[in-house]
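Thank you all for coming; I would like to take a few minutes to walk through one model, and I will ask you to keep the structure open while I speak. Please follow along as I go from one part to the next.

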Amino acid sequence: MLCSSVAFAIIRRHDVEDAEYTVEATDYPAVADLLEPGDCLATLITSRWALTAAHCVQHLELPRTLTFGDESAAVAGFVCNPRFDGLRHDIALVHLQEAVSVEPVGIYRNRDELGRVVTLVGRGDTATGLEGQAGARLDLQTRRATNTVDEVTSRWLKFVFHAPEDEMATALEGISGDGDSGGPAFIDGPEGQQLAGLSAFQDAPNSRLGTYGVTEVYTRVSSYQDFVDEVTAPGWDGRYRRCDTCSTSIVGRGGSSPWWVAAVLVLWYRRSTNRQRSSSPKNASTRSSA
């Protein structure tokens, strides 16, 4: 199957106690488990909308109830970015049937992410940079880590997992691990923490996933603020849009392309970037990217 989706959570420094990374889930009430505990996250950005990765929404089955803090609300539907092709434009909105009173997190709208320190939140598999994903375990604890945006593109924010001896390493240096696709990267803005990125994948050979030196890639939310604003505005057309990338155009626009066109483009993209991706967010036999 050529439609790809992935999932990851917090991998940390080996020289810092795990307790320094562990927090209470109530410290981040706007962050909810999207599929099942330890498998994809969504972040509340208005009282009735949450933002996540499109490749996670591909596997969201209704009925489904999300819990933000101590409040729960059923999912009414979701809107995938129309340009999502299984790899790029990996962003989607989840609509709740009723509003929750948990304080939402605003999206980061500035374009100055390069060099900024971000806070990553997850509750999937965890390990250290020495163990990597191969030595990870799942305990469903909420963890947060920090990292620095090393590169930005029109679609992505990228972070390198620096080893402790690297002067670029932050005090709580970390990246995502298996289970937290769609998880947030927060930047401190004028109104507190704001949502700047969504966990998408990890750029590394499969044998090095989660180890020092790999590059973490998040969807750059500031590039999709028009999409977010259009869908969450009072004038939204009310249409839910699935993320069935295997049957839709590789370039979006709602058309269809021959299957072999999508196959060639996806295979070329994977090989040219050496990215490994799994076939489902959490339960794939080979978990290979964030």
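This is a predicted model: local features need pLDDT of at least 70, side-chain atom pairs count only at pLDDT 80 or more; totals for chains, interfaces and linings use all residues.

Let me begin with Glu 113 and Arg 220, both of which are buried, where buried means under 20% relative accessible area, exposed means over 50%, and partly exposed is what lies in between, with a 1.4 Å probe and protein chains only. Residues are numbered from 1 along each chain as its sequence is written, and side-chain values use heavy atoms, with hydrogens and water left out.

The side chains of Glu 113 and Arg 220 meet in a salt bridge, at 2.6 Å from N to O; a salt bridge here is a side-chain nitrogen of Lys or Arg within 4 Å of a carboxyl oxygen of Asp or Glu. This pair links distant parts of the chain, with Glu 113 in the loop between S8 and strand S9 (117–122) and Arg 220 in strand S18 (residues 215–220), 107 residues apart. Helices (H or I, at least four residues) and strands (E, at least two) are DSSP runs, numbered from the N terminus.

How many salt bridges are there by this rule? The count comes to 12, and another of them joins Arg 137 to Asp 18, whose closest N and O atoms are 3.8 Å apart. Because Arg 137 lies in strand S11 (residues 137–138) and Asp 18 in helix H1 (residues 18–21), this pair ties together parts that are 119 residues apart in sequence. Asp 18 is buried, at a relative accessible area of 16%, whereas Arg 137 is partly exposed, at 39%. Both residues belong to a network of salt bridges that links Arg 12, Asp 18, Arg 137, Asp 139 and Arg 143.

A further salt bridge is formed by Arg 241 and Asp 237, with 2.7 Å between the closest N and O atoms. Here Arg 241 counts as partly exposed at 23% relative accessibility, and Asp 237 counts as partly exposed at 46%.

Let us turn to the sheet. It is an open sheet of 6 strands in the order S3-S4-S5-S8-S7-S6, with antiparallel pairing, and two strands are taken to pair if DSSP finds at least two bridges between them. Its edge strands, each pairing on one side only, are strand S3 (31–36) and strand S6 (65–68). On average, and with direction ignored, neighbouring strands of this sheet are turned by 45° against each other. Helix H3 (residues 225–232) packs on the sheet and touches strand S5 (49–52), S7 and strand S8 (92–96), its direction making about 20° with that of S8. Contact means heavy atoms within 4.5 Å, and axes are lines fitted to C-alpha atoms, for helices over the stretch in contact, with angles running from 0 to 180 degrees between N-to-C directions.

Phe 68 stands opposite Glu 71 in S7, while the bridge partner of Thr 65 in S7 is Ala 74. The hairpin of S6 and S7 has 2 residues between the strands, and in it Gly 69 takes a positive phi near 60°. S6 has a covered face, Leu 66 and Phe 68, and an uncovered one, Thr 65 and Thr 67.

Finally, the disulfides, each a pair of cysteine sulfur atoms within 2.5 Å, for which the count comes to 2. One joins Cys 40 to Cys 56, at 2.1 Å from S to S, and with -75° about the S-S bond this link is left-handed. Cys 40 lies in strand S4 (residues 39–44) and Cys 56 in helix H2 (residues 54–57), so the pair ties together parts that are 16 residues apart in sequence. Cys 40 and Cys 56 are both buried.

The other disulfide is formed by Cys 80 and Cys 243, with their sulfur atoms 2.5 Å apart, and with 130° about the S-S bond it is right-handed. This pair links distant parts of the chain, Cys 80 in strand S7 and Cys 243 in the loop between H3 and helix H4 (259–273), 163 residues apart. Cys 80 is buried at a relative accessible area of 3%, and Cys 243 counts as buried at 3% relative accessibility.
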